[in-house]
Amino acid sequence: MANSTDESRPMASNADMPGKPSSEARPRRGLALLIAVPLILLSGLAGLAALDTGSSGSGGDGANAERQEVIQDDTHFYGDSPPVYPSRKSRYEIETFSTKITPADMTGRGSWAIAFDKARHMISLTAGIAPDSGCVGRVPEVRSVGFPGLCLGDAGQGLRGTDFVSSFPSGIHTGASWNRNLTYWRGAAMGHEFRTKGVHVLLGPVVGPALRVVSSGRNWEGFSADPYLAGALAYETVVGVQVQGVITSTKHFIANEQETHRNPHRGVEATSSNIDDRTMHEFYLWPFQDAVRAGTGNIMCSYQRINNSYGCANSKTMNGLLKTELGFQGFVISDWSAQHAGVATALSGMDMAMPTAGNFWGDRLVEAVNNGSVPESRVTDMAMRIVSSWYQMKQDSGFPDLGVGMPSSVTQPHRVVDARDPEASPTIFQGAVEGHVLVKNTKNTLPLRSPRMLTVVGYSAKSPDFYSPGGGDLGEYSWRFGTEATDPREMQAGFGGELDADYSNIALDGTLIHGGGSGATTPAIFLSPFEALKVKAFQNGTALFHDFTSAEPVVDPVSDACIVFGNAWASEGYDRPALRDDYTDNMIIKVADQCNKTIVVLHNAGARLVDQFVDHPNVTAIIFAHLPGQDSGSALVSLLYGESNFSGKLPYTVARNESDYGNMLGPDRAEGEFVNFPQSDFTEGVYVDYRRFDQQDITPRYEFGFGLSYTTFEFSNLTVQARRNASLAEWPTGAVVQGGQQDLWDHVATVTAEIRNTGDVPGAEVAQLYLGIPNSPARQLRGFEKPVLDVNATAAVSFTLTRRDLSVWDAVAQRWRLQSGRYGVFVGSSSRQIHLNGTLQVRA
């Protein structure tokens, strides 16, 4: 296989190791015992799914392309991604940023110092073999020193593939809550369940994809199309999970924006995300920076290529950006089967291969160290990072037995480990409530007030007919990967790299509480919307009709309201075929033609267009219900009846037409001269989502940050104040700590405002701060607060601005730059509903 690397010269195959010592060099003796532990620590034993990685070469989807135009060898791309390699010494210091820093080496900075020292004692020891379990990834134990190994588990919405666990609101649902505190407690509750089950590493949160490609299959796992919002919620998630002593694996590093061509397949390499340096720092790296600052113990490198170098063999991103610029202290793990080279991945900064050592590490890595291709210090650094993360989370004391609640199959006799915590129930419920976004409400449709009759229609109202780990191999697969409401064979095709299968846009067999793939959940119990509505109707004596099967339902004309449920399905492995579907749109219109108060509820795993029906006079309420997790039904009913108030805001933009998204509507495909090496050019730079709509003066249907409430709010009394004695020097000068140079986090200004509840019921409003930074997009989110207000109550909100918040990345100086000039300050309830304006003058 031809391995794309970020070196300026070709990288030989693993069998022909590059950097082979000269005839004067001496082979190293006795290394097999010395690096036994590091090598065992570098690989896991269990995988997510068998992925076809194919082999490089000519051929692929572009058989009709003219031969002379087709690039046949990846040497064409050498140098696209600048090489950044550390010295072969373990503690090599260089001068940069006016500060001494150690690139790509675990340094034991700050709170990691004690953990770093403890890890030193484990590097030269042997290890045993870990037993089988339901962990999706395993690191074997080292019995002689009491290291139990590591169990890795999916994912960022809750633990998957076991029993007696919860389904938390998905990433996109949490993003719609715009609630830092709630996100922290969600993380803490998830961490508790992972810990109770004996899982050391939670494979989440997701901040890549960053929702650049609107139809990307995994957007639902991430928080937002804005890096500030995504980063803020990733920070809270990392802190919340890790307070329970569970390591977070923040993923997928980096610019992993589409499922199409995500892996090499049938002679075609994975797609390359081609991205400039400023865009990388200001958009895609931003939320990872927040996660590193929060102390994430692990980063997962991604499947695709970045500037034509594979994510897990990219020294620029791992050595340069992550371990040097951001001062990352933990370990880098490959996504499952994302390793496509041996020496290149080791030298580029990857620390652990998953699910196994495969054909590249293991004995091959021993050989590489013995022949000098990989410095011994690099392998030592890998093990140090892994074990230090274990110590840092205090997993060496009081942690449950490895995988104690993770049986290989729950259909076989096993120990019951109930990980659910009753004290987390309010967090799960409130998280489900706050991620619902009300975008239309006319004719006083909502809240419902003692209706005599309701008609409920649509496939997404009820629970799937099958929810069980039984039913043969396909049934268990469906349960494990969240395809109960659709055909699991579609996901299998997607995991197999099939680009042109007939993928579904909706899940016709039931409601969605999560999307599909490794981020799915397997809750002990969940409540569908119809189940909750039926209980409510029974308690109130409300007549209730329902039809979940008809494409053109018939409605009793005396219904007080009709509720139509649809969804927008998305899954790992393939991208969404469209942002709307005729079946659901026609069903909505058919009901609205008969019912003068039609409520549309869409469980959407990403942006969903509504312009086919939004202006129908009888479509009087629309709710983006996203993916609420196990409390889907109870949360929705609480909102419909006004027991809870809507406070969710869109974490992305809903366009009027598909074309409004431009080149970011769908994934890039292999074509033309790049038929063997598909290219995805991020030519839009940082102008993604609302920034693009502002730049192009496109009016969206519902803008980023938009969401209605049952009450109203008034904004007033804006103040903008530079912090006294804060350094406004053009360049930061601080030492590199976790998250980058220390003074990037200095507070340089404060913005305050007041919000008053002017309506008739209590409610929460998200006050959003946008800045107009010189030589940048017109507005960029740089703060948000969510006060809860009683009727007529007023709350003061305060936004603290850091040096990073005001800076731009200077690609020439390779540093964050604080520009002199006038900064626009905008406070409002969405990216386009700006209620207060001001300015901040910076004299750097």
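In this predicted model, Leu-806 is in contact with Val-748, Leu-771, Ile-773, Leu-801, Leu-818, Tyr-823 and Leu-840, once its neighbours within four places in sequence are left aside. The residue belongs to helix 20, which covers residues 803-806. Its relative accessible area is 1%, so Leu-806 counts as buried, the limit being under 20%.

Three strands make up an open sheet in the order 19-22-27, with antiparallel pairing. Strand 19 (713-722) and strand 27 (794-802) are the edge strands, and each has a single partner strand, so one side of each has no neighbour in the sheet. On average, neighbouring strands of this sheet are turned by 20° against each other, direction ignored. One place to look is His-747, whose bridge partner in strand 27 is Thr-802.

Another strand to consider is strand 17. How many of the residues of strand 17 are buried? The count is 6 of the 6 residues in 619-624, so strand 17 is largely enclosed by the rest of the structure. Its pairings run in both senses. With strand 12 (residues 437-441), strand 17 pairs antiparallel over 4 bridges, and Asn-441 stands opposite Ala-621 of strand 17. With strand 16 (residues 598-604), strand 17 runs parallel, and 5 bridges join the two. Here Leu-602 stands opposite Phe-624 in strand 17.

The next topic is a helix pair. Helix 16 (residues 529-540) packs against helix 18 (residues 632-640) at an angle of about 50°, and their axes are 7 Å apart. At that angle helix 16 is oblique to helix 18. The crossing of helix 16 and helix 18 is right-handed. On the side of helix 16, the contact involves Pro-529, Ala-532, Leu-533 and Lys-536; on the side of helix 18, it involves Ser-632, Gly-633, Ser-634, Leu-636, Val-637 and Leu-640. By residue class, the contact of helix 16 with helix 18 has 6 nonpolar, 3 polar and 1 charged.

Apart from its neighbours within four places in sequence, Lys-536 is in contact with Val-637, Tyr-641 and Glu-643.

Some backbone details remain. Most residues other than glycine have a negative phi, and most peptide bonds are trans. Where are the cis peptide bonds described here? One runs from Gly-208 to Pro-209, with omega near 20°, and Pro-209 sits in the loop between strand 5 (201-202) and helix 6 (227-242). Another runs from Met-354 to Pro-355, with omega near 5°, and Pro-355 sits in the loop between helix 10 (343-348) and helix 11 (363-370).

Ser-337 has a phi of about 65° and lies in the loop between strand 11 (331-334) and helix 10. With 24% relative accessibility, Ser-337 counts as partly exposed. Asp-689 has a positive phi of about 55° and is placed in the loop between strand 18 (679-681) and helix 19 (690-695). Asp-689 has a relative accessible area of 9% and is buried.

Finally, the whole chain. The protein chain has 20 helices and 31 strands. Of its 844 residues, 65% are buried. Among contacts between residues at least 6 apart in sequence, 80% join residues at least 24 apart.

Note on methods. Residues are numbered from 1 along each chain as its sequence is written. This is a predicted model: local features need pLDDT of at least 70, side-chain atom pairs count only at pLDDT 80 or more; totals for chains, interfaces and linings use all residues. Side-chain values use heavy atoms; hydrogens and water are left out. Axes are lines fitted to C-alpha atoms, for helices over the stretch in contact, and angles run from 0 to 180 degrees between N-to-C directions. Angles under 35 degrees count as roughly parallel, over 145 as roughly antiparallel, 65 to 115 as roughly perpendicular and the rest as oblique. A crossing is left-handed if the near helix is turned anticlockwise from the far one by less than a right angle, and right-handed if clockwise. Contact means heavy atoms within 4.5 Å. Ala, Val, Leu, Ile, Met, Phe, Trp, Tyr, Cys and Pro count as nonpolar, Asp, Glu, Lys and Arg as charged, and the others, Gly among them, as polar. Buried means under 20% relative accessible area, exposed over 50%, partly exposed in between (1.4 Å probe, protein chains only). Two strands pair if DSSP finds at least two bridges between them.
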